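Biologist: Please give me a close look at one part of this model. How do its pieces meet, and what surrounds them?

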Amino acid sequence: MAEFARHLGNELNLMHEAANASQLRRNFERSALLLVPEVHWDLCSERVMVMQRMHGTPVSQVEILRAKGIDIPALARAGVEIFFTQVFRDGFFHADMHPATFSLRPKEKRAAAMWPSTRHHGTLTEVDKNYLAQNFLAFFKRDYRRVAQAHLDAGWVPADTRIDEFETAIRAVCEPVFARPLKEIYFGRLLLRLFQASRRFNVEIQPQLVLLQRRCSTSKVSDASSTPTSTCGAAPSPTSSAG
C-alpha cells in the first residue's frame, strides 16, 4: 500500500512527469528509432506540463500505415527493441507503452515518435536487470530449473525452498504457452498464474518491479498481421494478486 501511495503521489505532480519525459528524451537523443518531445520547462508546473508539439500516424492505425508503405513487422520489431533498450540498457523504462502512446513519422530519420504520459516509469538496478535477463533467457529456452534457480539466487524465495518442486510449478504455468501462436499469448495472464504459483513458495514481490509487472500485465503480444492492441484490464495485475 505504501508503494502504491508513493507512486500515486508522484503521478499527481506533473513536474515529475516532465522530468521523466526529459530523462527519456536524453536517453534516446541519438536513437534512430525513437523521438521524444522536448519539455518546455518555463511553462510547466505541478499541474501543467507543456511539451513540443508533434504530428504523426498512431501505430494503432495499421491499415493507414500499410497504405503509406510502412513495414509493419519492422515497426513491431522496433517497438520491442525500444522497450528492451529502456529496460536493459538504461534501467529507466516507460511503464505504459501501448499503441496510443506512439505515432509514426515516416519522413523523419527516426522511425517512431512518442508523446506519452511518462508519469508511469520505473527504474532498475544492475541486479534487477541481471535477474530479468536470466529469467527471459531461461524462459525462452524452456529451462525452468534456471528460472527457479534465478529466484533462489536473488533471495526472493526462502533458502530452504525445494528447487525441484518450484521448477515443477513454473513448468506447469509456462509450458502451455509454447503451444500457442504469439497473437494468443496474454503475458498478463501468464504472469498472474506465475505469481499465484509463486505464492505457495513465499516468493517476495519486489517493489522496484511493480511498474514493470504492471507494464507486462497490460500487454498482449500480437503478430505482425494483426492490429496491435492494448489489453488494459484484460487480466488482473499480478502485483495486486500477490499481496
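Modeller: Start where helix α6 touches helix α7. On the α6 side are Tyr144, Arg145, Val147, Ala148, Gln149, His151 and Leu152. They meet Ile163, Asp164, Phe166, Glu167, Ile170, Arg171 and Cys174 in α7. Contact here means heavy atoms within 4.5 Å. Keep in mind that this is a predicted model, where local features need pLDDT of at least 70, side-chain atom pairs count only at pLDDT 80 or more, and totals for chains, interfaces and linings use all residues. Residues are numbered from 1 along each chain as its sequence is written, and side-chain values use heavy atoms, with hydrogens and water left out.

Now find the two helices. α6 covers residues 144-153 and α7 covers residues 163-174. Helices are DSSP runs of H or I with at least four residues, strands are runs of E with at least two, and both are numbered from the N terminus. How are two packed helices described? By the angle between their axes and the distance between the axes. The axes of α6 and α7 come within 8 Å and cross at roughly 120 degrees. α6 is therefore oblique to α7. For these labels, angles under 35 degrees count as roughly parallel, over 145 as roughly antiparallel, 65 to 115 as roughly perpendicular and the rest as oblique. The axes are lines fitted to C-alpha atoms, for helices over the stretch in contact, and the angles run from 0 to 180 degrees between N-to-C directions. This crossing is right-handed. That term applies if the near helix is turned clockwise from the far one by less than a right angle, and anticlockwise gives left-handed.

Look at Cys174, one of the α7 residues that meet α6. Cys174 is buried, with a relative accessible area of 2%. Buried means under 20% relative accessible area, exposed over 50% and partly exposed in between, with a 1.4 Å probe and protein chains only. Cys44 is buried too, at 12%.

Next, follow the chain between the two helices. Thr161 sits in the loop between α6 and α7. Is Thr161 buried or exposed? At 15% relative accessibility, Thr161 counts as buried. Set aside its neighbours within four places in sequence, and Thr161 is in contact with Phe166 and Phe201. Phe166 is also among the α7 residues that meet α6.

Now turn to the other partner of α6. The axes of α5 and α6 come within 8 Å and cross at roughly 165 degrees. That makes α5 roughly antiparallel to α6. This crossing is left-handed. Tyr131, Gln134, Asn135, Ala138 and Phe139 in α5 meet Arg146, Val147, Ala150 and His151 in α6. Compare the two lists for α6. Val147 and His151 are among the residues that meet α7, and they are also among those that meet α5.

Most residues other than glycine have a negative phi. Arg142 counts as partly exposed, at 39% relative accessibility.

Step back along α5 itself. α5 runs over residues 126-140, so 15 residues, and reaches 21 Å from its first C-alpha to its last. That is close to the 21 Å expected. The expected span is 1.5 Å times one less than the number of residues. Which residues of α5 are buried? They are Asp128, Lys129, Tyr131, Leu132, Asn135, Ala138 and Phe139. Of these, Tyr131, Asn135, Ala138 and Phe139 also meet α6. An α-helix has 3.6 residues a turn, so residues three or four places apart point the same way.

α5 also packs against α4, which covers residues 72-90. Their angle is about 130 degrees and their axes are 9 Å apart. α4 and α5 are therefore oblique to each other. Phe84, Val87, Phe88, Arg89 and Asp90 in α4 meet Lys129, Leu132, Ala133 and Phe136 in α5. Lys129 and Leu132 are among the buried residues of α5.

Buried residues make up 42% of the 243 residues.
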